Amino acid sequence: MYITAEADTDTELGSITIGDVEIYAEGQSADACLTISASSANDMGEITIGDISISLANTADATSTATGCMYLCNVTNIDVGQGGQITIGNIDLNAADVTDDYLDSACVCAYVCITGNADVNVGDITVVGGYVNGNDTLMDNFDSLTSWLDISACGDINVGDIDYSDYEASATIDVSSFDSVGIITAAQKDTVIVDNGGQNFIYLGDGLDTVCLVDDQSTSYATGLDLDIIYNFNSDDDIIETSGSGTDESVSSTSLANYAAFVTAANNADTDIFARKLVGGDDWYVAVDQDGDDTIDFAFIIADPSGGNLTSANFGEY
Ligand SMILES: [Ca+2]
Ligand SMILES: [Ca+2]
Ligand SMILES: [Ca+2]
C-alpha cells in the first residue's frame, strides 16, 4: 500500500493523520508493506500515525521469507520551508511461534524505516520472537534492533520503552543513535545493550549480558541524581563495558558514608573504574575515568546485584 503526498513550490503540505496500522504476512514469499511518502518544496505539517502492529508467520515447509515492512519518509526544502515532526504510536513486532519441524529456510523478516525532516517520536517498542526453525537457525531478523528499525531525523529521535523480554534468543539493543529512550529490557538469552548519553534505565535478563556505556554521558555525576541505573545485574556473568577505561580498577564491597564521599574517594583513587556501595544500601555506585586524567567523567548505578559482590571481572573495555 502506498500513500504519497506532494506539494510543489507554490503550495504547502498540511498535516497527515493515520490511525492504527496492522501489517500481517504469513507464508512463503508473503509480503505486506506500507509506504508513506510526503514531500514539499515549502512548509510541511506533522505526520501522526497510531499504533503499529507487525505480525509475521511462515509455514513449516516454507523455503522463502515472509516479510513485513513500513517505510515512512517526509522531505522538505529546509532552506525554504519548515519541516514537520513525525509521531507514531507503539510498535509491536511479533513472530509466530514455530516448532522444530520448520525448515531452516522458514524465516520472517521485518523492516521499519523512518526518515524525518524534524523530530521523530516513537512510542513503546515490544519485540516477541527469537524462535528457531530446523537446525536451530534463528527464524527472524529481530535479534538486532538496528537491523529492522532504521530511524534518521534532522531533529531529535525520541523513543519510548524497548522491551525484548519475550524474545527467546540472544539480542543486541543499540540505542546510541536515539536522543532519548525509555526503559530498555533485555532478551531472554545473552543480550548486548548499547546505551545513549541520556539517563537510561536498563533491565537485564537471564543470559550473559553486556552493557556498553557510550562516551558522552550527559548525566551529572556531581549530584548523582540522574545517573544511568542497571537492574537485574548478576555478578556471576554480566559485564559493564566502557571505552578507554583500561584495567585499572578499584572494586570493593567497602561501603562509603554517602554519595558525596563516593565522589571524593573516586577522584582521589586515580583509577579508571571505582565501584563502591554506600552505607545502608545494596546498590553499587561506579565512577568512570575514561581519559586517564584521574578525574571522573561519569558515574552510574548497578542496583542491588545478584550473585554476590562485584569484582573487577564485571568491568571491561570496548
Ligand atoms: Ca546513559
Ligand atoms: Ca544476565
Ligand atoms: Ca577523566
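I take two strands to pair if DSSP finds at least two bridges between them. Helices (H or I, at least four residues) and strands (E, at least two) are DSSP runs, numbered from the N terminus.

**Ground rules.** This is a predicted model, in which local features need pLDDT of at least 70, side-chain atom pairs count only at pLDDT 80 or more, and totals for chains, interfaces and linings use all residues. Residues are numbered from 1 along each chain as its sequence is written, while chains are lettered from A and ligands numbered from 1 in the order in which they are written.

**Overview.** I found two helices and 28 strands in the protein chain. Its C-alpha trace spans about 65 × 55 × 30 Å along the principal axes. I checked burial next: 40% of the 318 residues count as buried (20 or more other C-beta atoms within 10 Å of a residue's own, C-beta atoms being placed from the backbone).

**E1, E4 and E7.** I looked up E4 (residues 31–40). Six bridges join it to E1 (residues 2–7), and the two run parallel. Here Ala-7 stands opposite Ser-40 in E4. E4 is also joined to E7 (residues 66–76), by 10 bridges, again in parallel. In that pair Ser-37 faces Cys-73 in E7.

**A five-strand sheet.** I traced an open, parallel sheet in the order E16-E19-E21-E23-E28. E16 (171–174) and E28 (315–317) are at the edges with a single partner strand each, so one side of each has no neighbour in the sheet. Inside this sheet, four bridges link E21 (residues 210–213) with E23 (residues 239–242), running parallel. Leu-213 stands opposite Thr-242 in E23.

Conventions. Buried ≥ 20, exposed ≤ 12 C-beta atoms within 10 Å, placed from the backbone.
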